[in-house]
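Welcome! Take a moment to look over the sequence and the model, and then we can walk through them together.

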Amino acid sequence: MANAMKRLIPLLDRVLIKRAEAITKTAGGIVIPEKAQSKVLHGEVVAVGPGARKENGEFVPVLVKVGDRVLLPEYGGTKVSLESDEKEYHLFRESDILAKIEN
């Protein structure tokens, strides 16, 4: 995964996020069907762009960093699949991220 992420560097204020896995089994061991699973609205930041530019050319730094857990909107983002990795990632603008989740 690290090599694949090194090749994909988001531009400007975009953030690459790996959505958390959907819960497929309850604590009691009951398997939840796909239709009944809720959409996962949080994920982990995998890569971050340098930030947005002001009119004078200065960068406004991005407020999240690699490894942060974030709250995502239900819809939005661009799906990204890498050839060397079967996992699915999403590319969001920093302004689309709703909140940062503290541990």
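This is a predicted model: local features need pLDDT of at least 70, side-chain atom pairs count only at pLDDT 80 or more; totals for chains, interfaces and linings use all residues.

## A charged trio

K65 is exposed, with a relative accessible area of 52% (exposed means over 50%, buried under 20%, and partly exposed in between, using a 1.4 Å probe and protein chains only). Its salt-bridge partner is D68, at 3.4 Å from N to O; a salt bridge here is a side-chain nitrogen of Lys or Arg within 4 Å of a carboxyl oxygen of Asp or Glu. D68 itself counts as buried, at 10% relative accessibility.

D68 also forms a salt bridge with K100, where the closest N and O atoms are 3.5 Å apart. This pair links distant parts of the chain, 32 residues apart: K100 sits in strand β8, and D68 in the loop between β4 (59–60) and β5. Through shared partners, K65, D68 and K100 join into one network. K100 is partly exposed, at 38%.

## Another salt bridge

The whole structure has four salt bridges. One of them joins K54 and E58, with the closest N and O atoms 4.0 Å apart. K54 is partly exposed at 44%, and E58 is partly exposed at 45%.

Residues are numbered from 1 along each chain as its sequence is written, and side-chain values use heavy atoms, leaving out hydrogens and water.

The mean pLDDT of the chain (the predictor's confidence in each residue, from 0 to 100) is 81, and 87% of the residues reach 70 or more. Helices (H or I, at least four residues) and strands (E, at least two) are DSSP runs, numbered from the N terminus.

## The sheet

Six strands form an open sheet with antiparallel pairing, in the order β6-β7-β1-β2-β5-β8; strands pair if DSSP finds at least two bridges between them. At the edges are β6 (78–81) and β8 (99–101), each pairing on one side only.

Strand β7 (residues 88–93) pairs with β6 over four bridges. Here T78 has L91 as its bridge partner, and S81 stands opposite E88. Four bridges also join β7 to strand β1 (residues 14–19), with V15 partnered by F92.
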